[in-house]
Amino acid sequence: MNDTDNSSENRGESSFFAIISRMKYIDRWALMRNTHSENLSEHSLDTAIIAHALAVIRNRRFGGSVNPERAALLAIFHDVPEVITGDMPTPVKYFSSEIRSAYAGVESAAENHLISLLPEDMRDEYASLITHDGEDTELLRIVKCADKLSALIKCIEEEKACNREFTAAKAATIKSIREMNLPEGTEFLEKFIPPFGLTLDDQNM
């Protein structure tokens with residue numbers, strides 16, 4: 001190693017976007033046998049599309065006044081810290097309160113580190129998307145529901161491929177979505193999820 005420090009920081013560069021672009025290398029469902037692997041980038045896009053739809057459904061059908069574009073943006077960034085932490089399987093994350101608390105601390109440190117990689121004049125903008133700090137409470141509930149619906153779609157796709165590994169996860173995810181008591185989530189579950197179990201020909205393309 002030579003004496004010249006060629007780090008991007010010393011060159012006035014920021015690695016924030018280069019690092020979050022590595023979401024495509026983080027695979028989900030690590031403890032499960034997958035017929036098709038799903039990476040974090042794919043999941044985040046699906047979650048953003050669904051979150052936007054949930055916000056539209058709330059506004060159009062249930063008298064809401066939330067911002068669909070903001071919901072989609074929050075969903076795009078909702079798992080960004082996992083570029084650093086990796087995707088911890090749900091059974092492990094929630095195995096005990098001690099593990100969940102410890103992971104929350106690691107997740108918070110990852111969020112703060114990512115934000116620190118940005119130029120100072122951009123940090124506030126992205127901090128509102130990554131750390132939240134009590135903001136966007138209702139939109140974050142929508143994003144959480146969208147996250148679960150995205151997971152349900154993955155379970156359905158695996159089930160279609162005759163993989164029984166996801167059967168229990170599918171049932172648990174449906175139960176979890178219903179327990180959120182979000183009318184837009186129930187509406188999406190009942191009106192938009194069933195076609196995911198069909199073949200392309202059956203979807204009236």
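Colleague: How do the residues lining the second largest pocket divide into nonpolar, polar and charged?

Modeller: Sort them by residue type. Ala, Val, Leu, Ile, Met, Phe, Trp, Tyr, Cys and Pro count as nonpolar, Asp, Glu, Lys and Arg as charged, and the others, Gly among them, as polar. Here the lining has 4 nonpolar, 3 polar and 6 charged residues. A note on the source: this is a predicted model, where local features need pLDDT of at least 70, side-chain atom pairs count only at pLDDT 80 or more, and totals for chains, interfaces and linings use all residues. Residues are numbered from 1 along each chain as its sequence is written, and side-chain values use heavy atoms, with hydrogens and water left out.

Colleague: What is the volume of the second largest pocket, and which residues are closest to its centre?

Modeller: Rolling a probe the size of a water molecule over the atoms shows where empty space is left. A pocket is an open set of points on a 1 Å grid over the protein atoms alone, where a 1.4 Å probe fits, with protein on both sides within 12 Å along at least five of seven lines; lining residues have an atom within 4 Å of a point. Points are joined across faces, edges and corners, and the volume is the space filled by probe spheres set on them. This pocket comes to about 210 Å³. Of its 13 lining residues, Glu-38, Asp-46, Ile-153, Lys-154 and Glu-157 are closest to the centre.

Colleague: Which helices each supply at least two residues of that lining?

Modeller: Helices are DSSP runs (H or I, at least four residues), strands are E runs of at least two, and both are numbered from the N terminus. Helix H2 (40-61) and helix H8 (137-160) each supply at least two. H2 gives the most, with 5 residues. The protein has 10 helices and 0 strands.

Colleague: Is Thr-173 buried or exposed?

Modeller: Buried means under 20% relative accessible area, exposed over 50%, partly exposed in between (1.4 Å probe, protein chains only). Thr-173 counts as buried because its relative accessibility is 13%. Thr-173 is in helix H9 (residues 167-179). Beyond residues up to four places away in sequence, Thr-173 touches Lys-148, Ala-151 and Leu-152; contact means heavy atoms within 4.5 Å. Of the 205 residues of the protein, 38% count as buried.

Colleague: What does Ile-76 touch, leaving out residues up to four places away in sequence?

Modeller: Ile-76 touches Met-23, Ser-44 and Ala-48, with those residues left out. Ile-76 lies in helix H3 (residues 68-77). Its relative accessibility is 40%, so Ile-76 counts as partly exposed. Ile-76 and Ala-51 are 25 residues apart in sequence, with C-alpha atoms 9.6 Å apart in space.

Colleague: How many aromatic pairs are found in the whole structure?

Modeller: Rings of Phe, Tyr and Trp (its six-membered ring) pair if their centres lie within 6.5 Å; planes under 30 degrees apart count as stacked, over 60 as edge-to-face and the rest as tilted. The search finds 6 pairs. In one of them, Phe-188 and Phe-192 have ring centres 5.2 Å apart and planes at 35°, so the pair is tilted. Phe-188 is buried at 8% relative accessibility, whereas Phe-192 is partly exposed at 38%. Phe-16, Phe-17, Phe-77 and Tyr-126 form one aromatic cluster.

Colleague: Which residues are buried in helix H7?

Modeller: In H7 (residues 120-130), Tyr-126, Ala-127, Ser-128, Leu-129 and Ile-130 are buried. Just after H7, His-132 takes a positive phi of about 70°.
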